[in-house]
Amino acid sequence: METIKREVIKLKKAGYGFVKIANTLSISVKEVRSICKEVDKVELLKGNCKQCNSKITSVKGKKIKQFCSDRCRWDYWNNKQKVERYKNDI
Ligand SMILES: [Zn+2]
């Protein structure tokens, strides 16, 4: 089963559609779809900090983190506010 999963990911990254993947691996489209759904969920847990771009991995089942630290979150919103204030001044 794990091998099939890996093959699905590989073909998906190569730009194959669900039907083409299903035909290539001789599995059902439904299976392909459920594997892709599962994979997407796992990939969502990995991301980069919006401020400093360092890698963050969120804990499964918890809210997905957008920042690596409180400091970065604070800097990000602070900068955003400044930009908006600047826009309003024009
Ligand atoms: Zn950061």
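The model is predicted: local features need pLDDT of at least 70, side-chain atom pairs count only at pLDDT 80 or more, and totals for chains, interfaces and linings use all residues. Residues are numbered from 1 along each chain as its sequence is written.

Helix α1 covers residues 2–13 and helix α2 residues 18–25 (helices are DSSP runs of H or I, at least four residues, numbered from the N terminus). They pack at an angle of about 135 degrees, with axes 10 Å apart. The two helices are therefore oblique to each other. Ile4, Glu7, Val8, Leu11 and Lys12 of α1 meet Ile21, Thr24 and Leu25 of α2 (contact: C-beta atoms, placed from the backbone, within 7 Å). This contact has five nonpolar, one polar and two charged residues.

After α1 comes Gly15, with a positive phi near 95 degrees.

The domain assignment, automatic or from a database, gives domain 1 (2–44) and domain 2 (46–89). Their C-alpha centres lie 31 Å apart.

Definitions and conventions. Axes are lines fitted to C-alpha atoms, for helices over the stretch in contact, and angles run from 0 to 180 degrees between N-to-C directions. Angles under 35 degrees count as roughly parallel, over 145 as roughly antiparallel, 65 to 115 as roughly perpendicular and the rest as oblique. Two residues are in contact if their C-beta atoms, placed from the backbone, lie within 7 Å. Ala, Val, Leu, Ile, Met, Phe, Trp, Tyr, Cys and Pro count as nonpolar, Asp, Glu, Lys and Arg as charged, and the others, Gly among them, as polar.
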